[in-house]
Amino acid sequence: MTAGEKKKARLDKLGPLARKAALVEHKRALQDFNRFNKNFVDAYEAERNVKRLPERNKEAGMQVPLDDFINLSTVKDFSKTERLSKRLARMGVASRRMAEKLIAQGMIYVDGKKVDSNVPVTDENKIKVSAKTGMYTPVKQGTRVWLFHKPRNMVTTHYDPQGRTTVFARLADLGLTSHVISVGRLDYLSEGLLIITNDGELARALELPSNKIERSYKVRIFSRTFDEKKLARIRNGCIIKGRLHGPYIVEIIRRQNTNTWLHMKLFTGKNNEIRRVMRKHSCRVGRLKRVSYGPYTLEKYVPNPNDLQEVPVTKEIKKLLYDYYKDRASTATEKVEEVQQQE
């Protein structure tokens, strides 16, 4: 159906008066429209860029869906004989270079047998990632991790249409000018520990809810009626818009008149989770500060706002990467079999 036919079909669904009004409005819009007007073009491009901001900010750290690698158009390629590293890359488990490192580390099994070389495989071979602990999982060459103490009144994005200070602009001022991404986000009014890395797979492994990485926060809430009953309800969790939030590990640090400081531990990272939960229980969040994320703590590495420090990739982080590759390989194998049955 052409654009003209679509337009006619839309008009046919309207009543006579509505159809006449739509045509008048369309003619008026055509008279006012000038595609060569610089102000119009600038405004259009600015609006389009703002709409695409959330998508652009997520692209670097997002896990590429397996459907992009395994689908009806690519399933025939899996019946061909090819090197193991290429097959892992084709399945979307890891890049070819990363796959070669996993093979050299003895973490790839084909048909239940450990392989230490880039052997040829077909779709009849069962491939899986396995290791005793996963603490020696190799990382990409050049993988680096930094910790940043984000202050309040700063947005975790590369560009802000409102002109507010961004985390990545501040990182550039501190000398970190290479392309990096953040592990999760902290909202404009939140502060505390933010992990920065140049490895998208590492960021994804740290963000995955299935990995249940502990995140600790100090929360100052305002509530005149905050008692043990309300604390128990927060610990038990709640349902907000059909989604379960919690349960949580929550302890009272101290009380100050109508303000109460809480120490709260989360194992997933939903958007504005703590603020939503507190609002659900009639508590207003005055301050929200992340004090730890996995093995990294705020006080040990970056105690002051705007502090930036590079840290090593710990064995705990390598274990998370191992779980990421293991789950990805298992899911990819099941996906190949599912698509082959659909063919």
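**Strand pairing, cores and local geometry in a predicted model**

Strand β9 and strand β14 (residues 284–293) run antiparallel and are joined by 8 bridges. Helices (H or I, at least four residues) and strands (E, at least two) are DSSP runs, numbered from the N terminus. Two strands count as paired if DSSP finds at least two bridges between them. In this pairing, phenylalanine 222 stands opposite arginine 284 in β14. Strand β9 (residues 215–222) is also joined to strand β13 (residues 259–266) by 8 bridges, again antiparallel. Here valine 219 faces leucine 262 of β13.

The model is predicted: local features need pLDDT of at least 70, side-chain atom pairs count only at pLDDT 80 or more, and totals for chains, interfaces and linings use all residues. Residues are numbered from 1 along each chain as its sequence is written, and side-chain values use heavy atoms, with hydrogens and water left out.

An open sheet of 3 strands has the order β3-β2-β5, with antiparallel pairing. Its edge strands are β3 (113–114) and β5 (127–129), each of which pairs on one side only. Strand β2 (residues 108–110) pairs with β3 over 2 bridges. Valine 110 has lysine 113 of β3 as its bridge partner.

The largest nonpolar core has 49 residues. Such a core is a set of buried Ala, Val, Leu, Ile, Met, Phe, Trp, Tyr and Cys residues joined through side-chain atoms within 4.5 Å. Buried means under 20% relative accessible area, exposed over 50%, and partly exposed in between (1.4 Å probe, protein chains only). The residues with the most contacts inside this core are Leu84, Ile108, Leu147, Ile195, Leu206, Tyr296 and Tyr325. Helix α11 (residues 315–342) supplies the largest share of the core, 10 residues. A second, separate core of 30 residues includes Phe148, Leu176, Leu231 and Ile240.

Contacts (heavy atoms within 4.5 Å) were listed for several residues. Not counting residues up to four places away in sequence, leucine 84 touches Ile103, Ile108, Val110, Val115, Ser117, Asn118, Val119, Val121 and Ile127. Proline 120 lies in strand β4 (residues 120–121). With neighbours within four places in sequence left aside, proline 120 is in contact with Thr81, Glu82 and Arg83. Proline 120 and arginine 87 are 33 residues apart in sequence, yet 8.9 Å apart in space, C-alpha to C-alpha.

Serine 182 sits in strand β7 (residues 181–183). Serine 182 counts as buried because its relative accessibility is 13%. A polar atom of its side chain lies 2.9 Å from the backbone oxygen of glycine 184. Beyond its neighbours within four places in sequence, serine 182 is in contact with Thr156, Phe168, Leu194, Ile195, Ile196 and Glu207.

Aspartate 160 lies in the loop between β6 (145–150) and α6 (167–173). At 9% relative accessibility, aspartate 160 is therefore buried. Its contacts, leaving aside neighbours within four places in sequence, are Val155 and Thr166.

The structure holds 2 aromatic pairs. Rings of Phe, Tyr and Trp (its six-membered ring) pair if their centres lie within 6.5 Å; planes under 30 degrees apart count as stacked, over 60 as edge-to-face and the rest as tilted. Tyrosine 296 and tyrosine 301 form an edge-to-face pair, 6.0 Å centre to centre with 75° between the planes. Tyrosine 296 is buried at 2% relative accessibility, and tyrosine 301 is buried at 18%. The ring centres of tyrosine 324 and tyrosine 325 are 5.5 Å apart and the planes lie at 65°, so this pair is edge-to-face. Both tyrosine 324 and tyrosine 325 are buried.

Cysteine 238 is buried, with a relative accessible area of 10%. Cysteine 283 is buried at 5%.

A cis peptide bond joins glycine 246 and proline 247, with omega about 0°. Proline 247 lies in the loop between β11 (243–245) and β12 (249–256). Lysine 241 is not a glycine, but has a positive phi of about 55°. Lysine 241 is placed in the loop between β10 (238–240) and β11, and is exposed at 78% relative accessibility. Asparagine 272, also not a glycine, has a positive phi of about 50°. Asparagine 272 lies in the loop between β13 and α9 (273–280), and is partly exposed, with a relative accessible area of 32%.

Technical notes:
Polar contact = N/O pair within 3.5 Å; in protein donor to acceptor, adjacent residues only side chain to side chain.
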